[in-house]
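Work through the exercises below with the sequence and the 3D view at hand. Each task is followed by a solution in steps.

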Amino acid sequence: MTRTEIVREMGLSPSQIFRMLERLVARGYVARSEGGDRYSLTMKMFLLANRHPPTRRLIAQAQPLMDNFAHETGQACHLVVPEAGNGLIVAQASPKGHWEFRARVGGELDLYTTGSGLTLIAFQRPERRVQALEYWGCKQPEQHLAEIGAHLEEIRAAGFRLGPSGYLVGVTDISAPICDPGGEAFAVLTCAFIEHPADRDSEARSKTLAKLLQLSAELSCSR
């Protein structure tokens, strides 16, 4: 975009935009086109994101196990961590076949209405849930917790969450926490379970749940 276009889109003064752009260019986040007034993002943000050690280590550990899970069950799964008041999908695995259903890496999920988000919250110690949500960037956590408190205790007692998807009709979300040594979830594995014509009643879903719990337990122990 040109500087004039950026001024128009952001509704700020030309002098404000000029100072911002000069600083961003100096620090390597934005590049100015040669011989013109156009600006574009560099790869610096991408490089910074992929250097984040905790997430990188978790994905490196989880991805081959998730791929194996998808191959064995014929179901897709994704890995979610809390970020800026939402759940962030940081890894995904799909089964091999002619078709697939998958969540997009980089997609954001609502913490209060999705299986992944509710499982993340449920597996925080009750006395620390407000603190955890505030740390994650959530607003008015007390109000939301009052509305979903009973469901959170059900999830915690079961050790997982199994329920209808908050986004798609006919999809069952199966979510299992990945916990630190203190038993608090720092990530969640979710399988968006789709019933196949050859499945017999709830047998396939029960087997998928068992494998997902096994996978989450393995990742929890490896931290």
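Buried stands for a relative accessible area under 20%, exposed for over 50%, and partly exposed for values in between, with a 1.4 Å probe and only protein chains counted. The model is a predicted one: local features need pLDDT of at least 70, side-chain atom pairs count only at pLDDT 80 or more, and totals for chains, interfaces and linings use all residues. Residues are numbered from 1 along each chain as its sequence is written, and side-chain values use heavy atoms, with hydrogens and water left out.

**Exercise 1. The surface around Phe 46**

Task: Classify Phe 46 as buried, partly exposed or exposed, and state which residues make the nonpolar surface patch.

Solution.
Step 1. The relative accessible area of Phe 46 is 48%, so Phe 46 is partly exposed.
Step 2. Areas here come from the Shrake-Rupley method with a 1.4 Å probe; for residues, only the protein chains shown count as cover.
Step 3. Patch residues have over 30% relative accessible area and no salt bridge; nonpolar side chains (Val, Leu, Ile, Met, Phe, Trp, Tyr) are joined within 5 Å, like charges within 9 Å.
Step 4. Met 43, Phe 46 and Leu 47 make a nonpolar patch of about 320 Å².
Step 5. Phe 46 belongs to helix α3, residues 44-50. Helices (H or I, at least four residues) and strands (E, at least two) are DSSP runs, numbered from the N terminus.

**Exercise 2. The chain as a whole**

Task: How many helices and strands does the protein chain have, and what share of its residues counts as buried?

Solution.
Step 1. The secondary structure comprises 8 helices and 8 strands.
Step 2. The protein chain has 223 residues, of which 37% are buried.
Step 3. Its accessible surface is about 12,900 Å², and carbon and sulfur atoms account for 55% of that.
Step 4. The C-alpha trace spans about 65 × 45 × 35 Å along its principal axes.

**Exercise 3. The sheet**

Task: Find the order of the strands in the open sheet and say which strands stand at its edges.

Solution.
Step 1. Two strands pair if DSSP finds at least two bridges between them. Strands of a sheet pair through backbone hydrogen bonds, parallel or antiparallel.
Step 2. The sheet has 6 strands in the order β5-β4-β3-β8-β7-β6, with antiparallel pairing.
Step 3. The edges are β5 (108-109) and β6 (161-164); each has a single partner strand, so one side of each lacks a neighbour in the sheet.
Step 4. Helix α5 (residues 115-122) packs on the sheet and touches β3 (77-83), β5, β6, β7 (172-179) and β8 (185-193). Contact means heavy atoms within 4.5 Å.
Step 5. The direction of α5 makes about 150° with that of β8. Axes are lines fitted to C-alpha atoms, for helices over the stretch in contact, and angles run from 0 to 180 degrees between N-to-C directions.

**Exercise 4. Strand β4 and its partners**

Task: How many bridges join β4 to β5, and how many join β3 to β4?

Solution.
Step 1. Strand β4 (residues 86-93) is joined to β5 by 2 bridges, and the two run antiparallel.
Step 2. Leu 88 stands opposite Glu 108 in β5, and Gly 87 has Leu 109 as its bridge partner.
Step 3. Between β3 and β4 there are 7 bridges, again antiparallel; Val 80 stands opposite Ile 89 in β4.
Step 4. β3 and β4 form a hairpin with 2 residues between them, and Ala 84 in the turn has a positive phi of about 50°.
Step 5. Of the 8 residues of β4, 6 are buried, so the strand is mostly covered.

**Exercise 5. Salt bridges**

Task: Where do Arg 129 and Glu 153 lie, and is Arg 129 buried or exposed?

Solution.
Step 1. A salt bridge is a side-chain nitrogen of Lys or Arg within 4 Å of a carboxyl oxygen of Asp or Glu. The whole structure holds 8 of them.
Step 2. Arg 129 and Glu 153 form one, with the closest N and O atoms 2.8 Å apart.
Step 3. Arg 129 lies in helix α6 (residues 129-136) and Glu 153 in helix α7 (residues 141-158), so the pair ties together parts 24 residues apart in sequence.
Step 4. Arg 129 is buried because its relative accessible area is 6%, whereas Glu 153, at 37%, is partly exposed.
Step 5. Lys 207 and Glu 203 form another salt bridge, at 3.2 Å between the closest N and O atoms. Both lie in helix α8 (residues 203-221), 4 residues apart, about one turn of the helix.
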